[in-house]
Amino acid sequence: MDKQLETDNLEMRLQALESRIYGERRNKSGKQAKCAESLVRIQAGLTNTANKRERVKILHKKIEDLLKYLDPQFTDHITVPDTMKLEFILAEEDFLLSQAALLEQVSTMQPLLDSTYIRDVPEHATKLQRLSQIHIKEQDQTEVQSQEVKKLFEEYNKMMFLLSKQFTHWDETLRSLEEAKGIRPVE
């Protein structure tokens with residue numbers, strides 16, 4: 001169903017394009033001109049012409065040579081002598097050796113990359129995600145508990161302060177009463 005819609009859509013777009021290019025022109029049989037048919041006729045005509053003429057055949061054979069000459073690296077190949085290329089390579093020798101050492105190190109570690117631990121990473125990733133969610137939830141709970149404990153400590157400190165103040169007041173009152181009666185305080 002979906003492919004049919006795509007095909008219909010493509011045909012409508014092609015007809016719109018043909019009507020823009022050709023307008024209301026008709027071909028010899030009276031049908032509206034089609035781009036695809038015109039392109040096929042042109043391709044066939046060019047192929048016939050190319051096969052009949054010897055010069056065109058030779059040109060087709062030389063296209064590969066022409067493409068080689070048009071390649072930007074071809075000019076480097078012609079203009080840069082081998083000694084200069086050797087100097088370029090020797091100038092980058094340290095870099096090339098370090099890269100080779102790194103590649104050797106990677107190739108020796110290849111069995112580690114193929115291990116079951118690495119292959120099981122996607123499975124562990126889902127477990128890790130679940131654990132991360134649990135950890136976040138527990139962090140939130142810990143924060144709530146910390147706030148409650150902090151409030152309890154503040155209330156405890158207030159209570160101790162008030163008790164200490166009350167005991168100090170009672171002590172002063174008791175001392176003043178003992179002094180008034182002439183009783184000597186025990187130390």
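Which residue forms a salt bridge with D171, and how far apart are the closest N and O atoms? The partner is R175, and the closest N and O atoms of the pair are 3.3 Å apart. A salt bridge here is a side-chain nitrogen of Lys or Arg within 4 Å of a carboxyl oxygen of Asp or Glu.

The model is predicted: local features need pLDDT of at least 70 and side-chain atom pairs count only at pLDDT 80 or more, whereas totals for chains, interfaces and linings use all residues. Residues are numbered from 1 along each chain as its sequence is written, and side-chain values use heavy atoms, with hydrogens and water left out.

**Overall content**

The protein chain has 9 helices and 0 strands, so its elements run α-α-α-α-α-α-α-α-α from the N terminus on. Helices (H or I, at least four residues) and strands (E, at least two) are DSSP runs, numbered from the N terminus. Of the 187 residues in the protein chain, 4% are buried. Buried means under 20% relative accessible area, exposed means over 50%, and partly exposed lies in between (1.4 Å probe, protein chains only). The accessible surface of the protein chain is about 18000 Å², and carbon and sulfur atoms hold 60% of this area. Areas come from the Shrake-Rupley method with a 1.4 Å probe; for residues, only the protein chains shown count as cover.

A search of the whole structure finds 2 salt bridges.

| K127 | E123 | 3.5 Å |

K127 and E123 both lie in helix α9, 4 residues apart, or about one turn of the helix. R175 and D171 also both lie in helix α9, 4 residues apart, again about one turn. K127 counts as partly exposed because its relative accessibility is 36%, and E123 is partly exposed at 44%. R175 is partly exposed at 44% relative accessibility, while D171 is partly exposed with a relative accessible area of 37%.

**Nonpolar patch and aromatic pair**

V149, F153, Y156, M159, M160, L163, F167 and W170 make a nonpolar surface patch of about 850 Å². Patches are made of residues with over 30% relative accessible area and no salt bridge; like charges are joined within 9 Å, and nonpolar side chains (Val, Leu, Ile, Met, Phe, Trp, Tyr) within 5 Å. V149 is found in helix α9, residues 121-181. With a relative accessible area of 40%, V149 is partly exposed, whereas F167 counts as exposed at 52% relative accessibility.

The whole structure holds 1 aromatic pair. F167 and W170 form this edge-to-face pair, at 5.6 Å centre to centre and with 75° between the planes. Rings of Phe, Tyr and Trp (its six-membered ring) pair if their centres lie within 6.5 Å; planes under 30 degrees apart count as stacked, over 60 as edge-to-face and the rest as tilted. F167 and W170 are 3 residues apart in helix α9, so about one helical turn separates them.

**The loop at S115**

S115 sits in the loop between α7 (110-113) and α8 (116-119). S115 counts as buried because its relative accessibility is 19%. The side chain of S115 reaches the backbone oxygen of L112 at 2.8 Å.

Technical notes
Polar contact = N/O pair within 3.5 Å; in protein donor to acceptor, adjacent residues only side chain to side chain.
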